[in-house]
Amino acid sequence: METNITNKGTATLTVDGKSYELPIYGGTIGPDTIDVRALYKQTGMFTFDPGYTSTASTESQITFIDGDKGQLLYRGYPIEQLAEKSTFLETAYLLINGELPTHEQSIEFTNTITNHTMLHEQIERFFQGFRRDAHPMAMLCGTVGALSAFYHDSLNIEDNSQRDISIHRLIAKMPTIAARAYKYSIGQPHVFPDNSLSYSENFLNMCFSVPAEKYEINPIIADAMDKIFILHADHEQNASTSTVRLAGSSGANPYACIASGVACLWGPSHGGANEACLNMLKEIGTVDRIPEFVARAKDRNDPFRLMGFGHRVYKNYDPRAKVMQETTHAVLGELGIKDSPVLDIAMELEKIALNDPYFIDKKLYPNVDFYSGIVLSALGFPTSMFTVLFAMSRTVGWISQWNEMLEDSSQRIGRPRQLYTGAGLRDYTPMDKR
Ligand code: SDX
């Protein structure tokens, strides 16, 4: 990756009467940064930033979020335009390569991905080791990590051709693994990929077709699925992407790195929020119970939070949530679902929260997870599959960021320091003295 950093002077830090000049770097858009890499050597001090609220971990040219504007750009293109005009595979090509594909490039990329959708047949035996009631995310996490036990020929990250085949295999096989986890959890036979179908059509077919009858693919539903995958594809240096980058910084193989991203995404504060949000809406149950839950969310002594609300970066409406809301209405309309209690509760909850000083003052808005559970549920997915779909899509972002990291000559193994407040040096205490 060619660096695009511009020098913008220095910041002066004064400690104990001594001044230090720290370089200021600017990018294309967004906040400037102060380079603190030499801080410890110069001052003997670390920066302190638990949760990395003010820390840029890397230079990147893939995705940009303006949290105040509620803007999300993939390689400079607004998410709204990509969701409306692009496809998930075209967006994947864009995130990985930096530019939208030409017609020929698009055909070649689609064919490459399509021809990697099958899994090694031994993985079936691997799957048989799971309990039927295992959470699909557990099966996804375990199987993705196990891929490095089946694809030994593409683990050398120094070899560009092996990196490329790993990237293509991961994008192509995630839907097959995800669908297989779903079928396994409901006791149905898994459905092999059908290379005559598009990425999203193929995924729906693998999830919902059965050997006993033909599955008719609804183009509106397939388009909604593809749009949902576009919305979830990448999102700067979020927790799971940072996990993938940190794992990759040690030279770990791509399958292990992506498995670490799956594991991190599973948490309810991150990708697990879509499942937690739908469960919350079901727990609220009726519109008249919304004030009770809003009060709990505002109570500092109550750990309850409104799932699907708030974001580390967005201090405005998450642009993905707007597209997701539109997609939800389109899917419910196409499926003829007139009344959706959870949608009614979600819309009323949104209205109440957006007019409540607590949420206004803290700039808490619906995020991508607020509506996704409703539309995924309408599409026929159980809540346990919501984060699996998020992981499928985010694999494209993770692998793009992982690849960018490997191409960045300034990257070193990630190794944060700490502010130690534990016991000072002391001698071992014998048992009779304790
Ligand atoms: C994703 O990073 C990404 O980009 C993630 C993601 C992606 O695409 O990769 O966008 C996907 O993870 C979306 C977020 C999904 N998570 C949820 O919906 C879970 C509910 N949201 C919260 O847990 C929270 O908002 C976070 C985790 C999303 C953000 O947490 P932060 O940035 O650490 O913010 P915070 O916890 O410091 O909150 C600031 C204040 C706190 O109050 P005070 O201590 O200042 O009094 O806002 C409050 C919080 O208590 N707050 C909430 C709230 N979210 C924050 N109060 C009630 N309900 C909420 N949802």
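Strands β4 and β5 form a hairpin in which four residues lie between them, and G70 in the turn has a positive phi of about 70°; strands here are DSSP runs of E of at least two residues, and helices are runs of H or I of at least four residues, both numbered from the N terminus. The model is predicted, and local features therefore need pLDDT of at least 70, side-chain atom pairs count only at pLDDT 80 or more, and totals for chains, interfaces and linings use all residues. Residues are numbered from 1 along each chain as its sequence is written, and side-chain values use heavy atoms, with hydrogens and water left out.

Strand β4 (residues 63-66) pairs with β5 (residues 71-74) in the antiparallel sense over four bridges, where pairing requires that DSSP finds at least two bridges between two strands. In this arrangement T63 stands opposite Y74 in β5. Strand β5 also pairs in the antiparallel sense with β6 (residues 77-78), over two bridges, and L73 stands opposite P78 in β6. The hairpin of β5 and β6 has two residues between the strands, and R75 takes a positive phi near 50° there.

A further three strands form an open sheet in the order β1-β2-β3, with antiparallel pairing. Because β1 (6-15) and β3 (33-34) stand at the edges, each with a single partner strand, one side of each is left without a neighbour in the sheet. Strand β1 is joined to β2 (residues 18-26) by eight bridges, and the two run antiparallel; the bridge partner of A11 is L22 in β2.

Helix α8 (residues 199-208) packs against helix α9 (residues 219-231) at an angle of about 110°, with their axes 8 Å apart; axes are lines fitted to C-alpha atoms, for helices over the stretch in contact, and angles run from 0 to 180 degrees between N-to-C directions. The two helices are therefore roughly perpendicular to each other, a term that covers angles of 65 to 115 degrees. Residues Y199, S200, E201, F203 and L204 of α8 meet I221, A222, M225, D226 and F229 of α9, contact being defined by heavy atoms within 4.5 Å.

The ligand is surrounded by 24 residues, of which H235, R300, H311, R312 and R320 are the closest, a residue being counted if one of its heavy atoms lies within 4 Å. A polar side-chain atom of H235 lies 2.6 Å from an oxygen atom of the ligand, and a polar side-chain atom of R320 likewise lies 2.6 Å from a ligand oxygen atom. For G308, a polar backbone atom is 2.8 Å from an oxygen atom of the ligand.

Definitions and conventions
Parallel < 35°, antiparallel > 145°, perpendicular 65-115°, else oblique. Polar contact = N/O pair within 3.5 Å; in protein donor to acceptor, adjacent residues only side chain to side chain.
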